[in-house]
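Okay everyone, thanks for coming.

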Amino acid sequence: MKPAPFAYKKVRALDEAIALMGENLDARLLAGGQSLMATLNMRLSAPNLLIDINGIGGLDGIARNGDTIEIGALTRHVQAERSDTIARYAPLIARAMPFIGHAAIRNRGTLGGSIAFADPAAELPACLLALDGEVTAQGPKGKRSIRTSDYFKGLYETALGPQEILTAIRLPAADGNTRTGFAELARRHGDYAIVGLAASARADGKGLKDVRLAYFGVGNTPLRATKSEAALAGGDVDAAVAALDLDPHDDIQASAAVKKHLAGVLLRRVAAQLMERQP
Amino acid sequence: MSMDMDITLTVNGEAVSERVEARKTLVDFVREDLGLTGSHVGCEHGVCGACTMRVDGVIVRGCLMLAVQCDGAVVETIEGLSDSGEVADLQAAFEQRNALQCGYCTPGMLTAAQELLQQAQANNAVPSREEIREHISGNYCRCTGYHAIVDAVESVAQERSKARAGAQS
């Protein structure tokens with residue numbers, strides 16, 4: 001299908017975009033467009049105005065500031081995929097990148113767009129939750145930071161206000177004791193996950209602590225499996241699988257029972273990754 | 001605000017200025033306004049890869065970009081890649097190895113494969129069959145079962161690698 005008619009405005013500054021969003025409550029922001037364009041083509045959404053933010057300078061880039069990695073909202077997946085800073089200081093993002101869409105999608109899609117869209121089966125929202133990252137947003141009242149635990153509100157619903165723009169995400173920089181794991185199951189490489197799991201932990205002697213398991217594709221938002229986190233920190237993978245208390249719904253890809261089973265399969269794979277000594 | 005926009009861009013080396021509807025996708029623009037029908041329209045939501053083309057040197061989904069976003073951009077379609085001879089060896093290998101039947105996916109498949117081969121050239125490497133499969137994972141083919149396509153891309157990767165080695169010695 002073809003999109004319903006809309007007006008288009010390419011803006012050069014955040015303030016311009018924020019003002020336009022205030023005047024047009026039905027407007028949508030266009031970043032990489034790799035999810036938005038599909039919904040427009042299928043007429044699942046029909047905004048009156050698209051505000052193209054790709055011309056705003058300074059919204060892309062990957063930087064380390066001490067113990068924090070800051071990734072600009074317009075950073076494209078391919079930039080993160082090839083970034084030495086990401087490989088070294090945000091290894092969970094590096095692990096997730098090859099699973100995101102296909103090469104042509106990663107050339108256009110942005111990290112900020114994925115986090116702002118908050119698809120429950122997408123990789124990056126779960127990574128952000130696993131890493132206990134932060135979202136930086138700017139609106140008419142200025143800038144603010146939002147903790148991940150306060151950010152994902154519901155199906156495609158986030159804490160971003162109607163006139164707020166996600167400008168960056170911030171992650172704790174990995175060090176020698178950081179452990180990460182990532183796995184997902186999809187029918188075709190690059191498709192949305194049937195079930196996926198992003199995880200981070202700290203090495204603690206021969207064991208693990210601060211385990212964070214963030215599942216995706218099993219609910220309305222990425223979800224932590226806190227009981228399994230505790231069991232895994234105790235070193236008991238079987239108990240961690242037994243403690244999974246996810247409650248997925250049937251969807252077009254798999255039944256709830258299959259998803260629950262696969263969640264356990266992924267936990268064993270990711271647990272093995274977390275136990276590996278990582279560079 | 002207007003629903004129509006004037007855009008100026010470069011398509012296959014030629015300057016193009018057109019008035020387009022804001023809602024028009026890049027692939028519809030090159031097909032309907034420019035008559036370049038080598039880029040195909042399949043799923044229209046980014047899944048099938050039939051509309052794969054190059055914008056500013058990298059492959060994109062022609063159905064997931066708007067024509068108005070390409071104001072000032074350099075766009076290359078299969079017509080451009082074919083006329084310049086850039087993918088001549090790939091096209092020959094596809095023919096020799098029966099890597100197409102109906103041909104609907106072929107322009108996108110060639111354009112995607114060429115990006116992988118360019119990256120391999122930059123790294124002076126030969127992509128593995130697994131890497132080839134990964135790179136074309138976003139391009140559906142309903143005829144061949146993919147094996148012949150992987151064979152064709154792999155053979156060109158090896159031939160180009162040999163040519164590079166020959167040029168260096």
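One definition before we start: two strands count as paired if DSSP finds at least two bridges between them. And keep in mind that what you see is a predicted model.

With that in hand, let's begin with a hairpin. In chain A, strand E6, residues 134-139, and strand E7, residues 142-147, run antiparallel and share six bridges. Inside that pairing, A:Gly139 sits opposite A:Gly142 of E7(A). How many residues lie between E6(A) and E7(A) in the hairpin? Two.

Now let's step back to the domains. Chain A is assigned three of them: domain 1 covers 7-52, domain 2 covers 62-171 and domain 3 covers 179-275. If you take the C-alpha centres of domain 1 and domain 3 of chain A, they are 34 Å apart.

Chain B is split into domain 1, 4-82, and domain 2, 85-164. Their C-alpha centres are 22 Å apart. These domains of chain B also touch: 18 residues of domain 1 make contact with 18 residues of domain 2.

Back to chain A, and on to a sheet. This one is open, has four strands and pairs antiparallel, in the order E11-E12-E13-E14. Which strands are at the edges? Those are E11, 178-185, and E14, 223-224, of chain A, each with pairing on one side only. If you follow E13(A), residues 207-216, you'll see that it joins E14(A) through two bridges, again antiparallel. Look there for A:Tyr215, which faces A:Leu223 of E14(A).

Two helices go with this sheet. Helix H10 of chain A, residues 226-233, packs on it and touches E13 and E14 of chain A, with a direction at about 150° to that of E13(A). Then there's helix H12 of chain A, residues 256-275, which lies across E11, E12 and E13 of chain A and runs at about 150° to E11(A).

I'll take the second largest pocket, which has a volume of about 530 Å³. It has 20 lining residues, and the ones closest to its centre are A:Glu81, A:Arg82, B:Leu116, B:Gln119 and B:His135. Which elements give at least two residues each to that lining? From chain A, they are helix H3 (77-81) and helix H6 (103-108); from chain B, helix H4 (106-122) and helix H5 (129-135). H4(B) gives the largest share, with six residues. By class, the lining of this second largest pocket has nine nonpolar, five polar and six charged residues.

What about cavities? Searching the whole structure turns up one cavity of 30 Å³ or more. The largest cavity holds about 40 Å³ of space. Its lining takes A:His102, A:Ala103 and A:Ala104 from chain A, and from chain B it includes B:Thr52, B:Ile59, B:Arg61 and B:His135. Two elements supply two or more residues here: H6 of chain A and strand E4, 58-61, of chain B. The classes in the lining of the largest cavity come out as four nonpolar, five polar and one charged.

Terms used
Residues are numbered from 1 along each chain as its sequence is written. Chains are lettered from A and ligands numbered from 1 in the order in which they are written. This is a predicted model: local features need pLDDT of at least 70, side-chain atom pairs count only at pLDDT 80 or more; totals for chains, interfaces and linings use all residues. Side-chain values use heavy atoms; hydrogens and water are left out. Contact means heavy atoms within 4.5 Å. Axes are lines fitted to C-alpha atoms, for helices over the stretch in contact, and angles run from 0 to 180 degrees between N-to-C directions. Domain bounds come from an automatic or database domain assignment. On a 1 Å grid over the protein atoms alone, a cavity is a set of points where a 1.4 Å probe fits but cannot get out, and a pocket is an open set with protein on both sides within 12 Å along at least five of seven lines; lining residues have an atom within 4 Å of a point. Grid points are joined across faces, edges and corners, and a volume is the space filled by probe spheres set on the points. Ala, Val, Leu, Ile, Met, Phe, Trp, Tyr, Cys and Pro count as nonpolar, Asp, Glu, Lys and Arg as charged, and the others, Gly among them, as polar.
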